[in-house]
Amino acid sequence: MDLFNKCYNNDNHQLINKAREMEIYPYFHCLESRQAPEVVMEGRRKIMLGSNNYLGLTTHTEVAEAAIKAVEKYGTGCSGSRFLNGTLDLHLQLEAELAEFLGVEHVMTFSTGFQSNVGIISTIVGRHDYIICDRENHASIYDGCMLSGGKMLRYKHNDMADLERQLAAVPDTAGILIVTDGVFSMSGDICNLPEIVRLKNKYGARLMVDDAHGLGVLGKGGRGTASHFGLEKDVDIIMGTFSKSLASLGGFMASNAAVGEYVKHASRPFIFSASIPPSSCAAAMASLRVLKREPSRVSRLHELSDYLRNGLKSRGVKIRESLTPIVPVYTYELMDTLYYDKKLFNEGVYVNPVLPPATPAHECLLRLSLMATHTEALLDEAMDIIKKVFEDGAQI
């Protein structure tokens, strides 16, 4: 059998070809400008409602200047891992400032957010341990679970009774890591952290929160999900990224010193990857400093999120309720979702279609996400377009 048969004959390949033939293929649109509330994609203006640039810092002058100065001083890359020649004073400074911001003993950085989850989980969990995982956790968490060799048990999304059932099934002799997204990236849901902490303590587990979409969005001054609930001391490991609120690239783990030092010296994805480039490191640090200096960006983000939710509902557009800048709009069926996404794109609004396996088969969504730099006028323009597209129906 030809190894490549799967590349030519699979359901996904057929769906992609069908979507391209019907001109409703939704991926790999070419961005020709900065990541901002208004962008140029494929030669035309679009209102950007599909970015994770929550605080709008990718275009901040201070952030851009920090990246430029870092390239001028350090060059374009580190050409090695943190273990060897790849540790810059910038990395150490960023880690120290993040640790102070989050109120933890230790922060270590990874080259990407995906690598962070894989590197943390596959190191902390061994083959005799158990991982209890929310079903809607990010794909990088699932890959970390698989690479760990541990036993993974999944609980229904935000279902605390099901979480307890899974915890009760773990042998007393096994170590347990509960892993959950803080803010779930597709639905905008926030995890039920108070109840997770209660169950963690009851069953002697450890707790890791993926705060990729929580940092800069929730909590005091944007400190994340644990801060949002006042449970900073009850979360053992916080994972975060720089590619969203901090307008750069990379990820990190925040923990106590002993856990951090263990992962730093044992995590293969960390040890065998080149370190974050100087420009990315400097941009993340500059973004963090802006966030600390301007916590009003977080409150502004929530004002705009409420404005968008209320505006869509008043226009008769059915949304999934959330408390975050992620606003899902129901479209249900896969082909309808692709039609609506294409029509919105053609009318000048960019959003993200959410399709299986990211959603159940008949619960597809259009994911809208906001920046603190959007304006009410721009959102009104986008919402009027969304209303018209949904009133016209799914056919192009």
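1. The lining of the second largest pocket draws at least two residues from each of α4 (89-102), β6 (176-181), α9 (225-229), β8 (237-241), β9 (251-255) and α10 (257-266). The model in which this pocket is found is a predicted one, and the pocket's volume comes to about 590 Å³. Its lining is made up of 28 residues, and Val235, Asp236, Ile237, Ser255 and Asn256 are those that lie nearest its centre. Sorted by class, the residues of this lining are 15 nonpolar, five polar and eight charged.

2. Rolling a probe the size of a water molecule over the atoms shows where empty space is left. The structure holds one cavity of 30 Å³ or more, and the largest cavity contains about 50 Å³ of space. Among the residues that line the largest cavity are Arg82, His91, Thr109, Phe110, Gln115, Phe270 and Ile276. At least two residues of this lining come from β3 (106-110), and at least two come from α11 (268-271). The lining of the largest cavity divides into five nonpolar residues, six polar ones and one charged one.

3. The next points concern helices that pack against one another. Two packed helices are described by the angle between their axes and the distance between the axes. For helix α13 (residues 296-314) and α15, the angle is about 30 degrees and the axes are 10 Å apart. Because angles under 35 degrees count as roughly parallel, α13 is roughly parallel to α15. The crossing in which α13 passes α15 is right-handed. On the α13 side Arg300, Leu304, Tyr307, Leu308, Gly311 and Leu312 take part, and they meet Glu376, Leu379, Asp380, Met383 and Ile386 in α15. By class, this contact of α13 with α15 has seven nonpolar residues, one polar residue and three charged residues.

4. Helix α15 (residues 376-392) also packs with helix α14 (residues 334-347), at an angle of about 135 degrees and with the axes 10 Å apart. The two helices, α14 and α15, are therefore oblique to each other, and α14 passes α15 in a crossing that is right-handed. From α14 the contact uses Tyr340, Lys343, Leu344 and Glu347, while from α15 it uses Ile385, Ile386, Val389, Phe390 and Asp392. The contact of α14 with α15 includes six nonpolar and three charged residues, but no polar ones.

5. How do α7 and α8 lie relative to each other? The axes of helix α7 (residues 160-168) and helix α8 (residues 193-203) come within 11 Å and cross at roughly 15 degrees, and the two helices are therefore roughly parallel to each other. Their contact is formed by Met160, Leu163, Glu164, Leu167 and Ala168 of α7 together with Glu195, Ile196, Arg198, Leu199, Lys202 and Tyr203 of α8. Seven of the residues in the contact of α7 with α8 are nonpolar and four are charged, with no polar residue present.

6. Two details of the backbone deserve a check. Pro356 and Pro357 are joined by a cis peptide bond, with omega at about 10 degrees, and Pro357 is found in the loop between β12 (352-354) and β13 (364-369). Glu42 has a phi near 50 degrees, which is a positive value in a residue other than glycine, and Glu42 lies in the loop between β1 (38-41) and β2 (44-48).

Key
Residues are numbered from 1 along each chain as its sequence is written. This is a predicted model: local features need pLDDT of at least 70, side-chain atom pairs count only at pLDDT 80 or more; totals for chains, interfaces and linings use all residues. Side-chain values use heavy atoms; hydrogens and water are left out. Axes are lines fitted to C-alpha atoms, for helices over the stretch in contact, and angles run from 0 to 180 degrees between N-to-C directions. Helices (H or I, at least four residues) and strands (E, at least two) are DSSP runs, numbered from the N terminus. Angles under 35 degrees count as roughly parallel, over 145 as roughly antiparallel, 65 to 115 as roughly perpendicular and the rest as oblique. A crossing is left-handed if the near helix is turned anticlockwise from the far one by less than a right angle, and right-handed if clockwise. Contact means heavy atoms within 4.5 Å. Ala, Val, Leu, Ile, Met, Phe, Trp, Tyr, Cys and Pro count as nonpolar, Asp, Glu, Lys and Arg as charged, and the others, Gly among them, as polar. On a 1 Å grid over the protein atoms alone, a cavity is a set of points where a 1.4 Å probe fits but cannot get out, and a pocket is an open set with protein on both sides within 12 Å along at least five of seven lines; lining residues have an atom within 4 Å of a point. Grid points are joined across faces, edges and corners, and a volume is the space filled by probe spheres set on the points.
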